[in-house]
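Please look over the sequence and the model shown below.

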Amino acid sequence: MIALKLSELCSHLNNAKLSASLDGEDRSVSGVNTIGDAVEGELTFLSNPKYLAAVSSTRASAIIAHSKVEIPSRISTIRCDDPYGAVTLAIVTMHGHREHPKWGISRGAIIDPTAKIGANANIAAGATIAAEV
């Protein structure tokens with residue numbers, strides 16, 4: 001996990017064609033969390049208007065929100081027309097991509113001898129792979 005200034009995050013978003021701008025203080029954030037669970041030093045986001053009331057009580061240092069949504073001035077805001085896309089990129093930028101476990105092919109898998117299996121495949125016990133797949 002890395003810490004980023006909000007202006008740096010805006011640059012990443014703009015480079016990804018998500019057209020972001022910063023309203024408020026250029027704070028540093030090192031994580032992403034929900035509106036209700038976020039604390040100081042974390043970023044949250046608002047896309048669904050039904051969560052707008054929760055914004056007033058969030059402890060997040062910053063929020064990603066649509067440009068047309070009113071956010072209290074105490075919260076630094078990254079304005080973006082695609083909050084879901086922006087928060088996804090923020091998570092990947094700060095936390096990296098999730099590593100999937102690699103276990104190979106289980107002895108409990110049933111695989112037809114004519115099936116073509118990739119070199120790095122993960123096939124769990126109980127899975128069945130038919131002929132000529």
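Which residue in strand 6 does Leu 46 stand opposite? Leu 46 stands opposite Ala 65. Strands here are DSSP runs of E with at least two residues, helices are runs of H or I with at least four residues, and both are numbered from the N terminus. The model is a predicted one, in which local features need pLDDT of at least 70 and side-chain atom pairs count only at pLDDT 80 or more, while totals for chains, interfaces and linings use all residues. Residues are numbered from 1 along each chain as its sequence is written, and side-chain values use heavy atoms, with hydrogens and water left out.

Strands of a sheet pair through backbone hydrogen bonds, either parallel or antiparallel. In this model an open sheet of five strands has the order 2-7-6-5-4, with mixed pairing; two strands pair if DSSP finds at least two bridges between them. Strand 2 (21-23) and strand 4 (31-32) form the edges, each pairing on one side only. Strand 5 and strand 6 are parallel and share four bridges, and Leu 43 has Ala 62 of strand 6 as its bridge partner. Strand 6 also runs parallel to strand 7 (residues 76-79), again over four bridges. There, Ala 65 stands opposite Arg 79.

In a regular strand the side chains alternate between the two faces of the sheet. In strand 6, Ala 62 and Ile 64 point one way, Ile 63 and Ala 65 point the other way, and all are buried, that is, under 20% relative accessible area, against over 50% for exposed and in between for partly exposed (1.4 Å probe, protein chains only).

Two nonpolar cores can now be placed. Such a core is a set of buried Ala, Val, Leu, Ile, Met, Phe, Trp, Tyr and Cys residues joined through side-chain atoms within 4.5 Å. The largest has 17 residues, and Leu 9, Leu 13, Leu 43, Ile 64 and Ile 78 have the most contacts inside it. Helix 1 (6-15), strand 6 (62-65) and helix 3 (83-95) are the elements that give two or more residues to this core. Apart from it lies another core, of seven residues, which includes Leu 46, Val 55, Ile 63 and Ala 65. Leu 9 touches Leu 4, Leu 43, Ile 78 and Ala 90, leaving aside residues up to four places away in sequence; a contact means heavy atoms within 4.5 Å.

Attention may turn to the loops. Most residues other than glycine have a negative phi, and most peptide bonds are trans. Lys 17, however, has a positive phi of about 65° although it is not a glycine. Lys 17 lies in the loop between helix 1 and strand 2 and is exposed, with a relative accessible area of 73%. Ser 19, found in the loop between helix 1 and strand 2, has a positive phi near 45° and counts as exposed at 58% relative accessibility.

A further loop, between strand 8 (110-111) and strand 9 (128-129), holds Asp 112. At 26% relative accessibility, Asp 112 counts as partly exposed. Asp 112 touches Ile 129, Ala 130, Ala 131 and Glu 132, not counting residues up to four places away in sequence. From Asp 112 to Ala 54 the separation is 58 residues in sequence and 53 Å in space, C-alpha to C-alpha.
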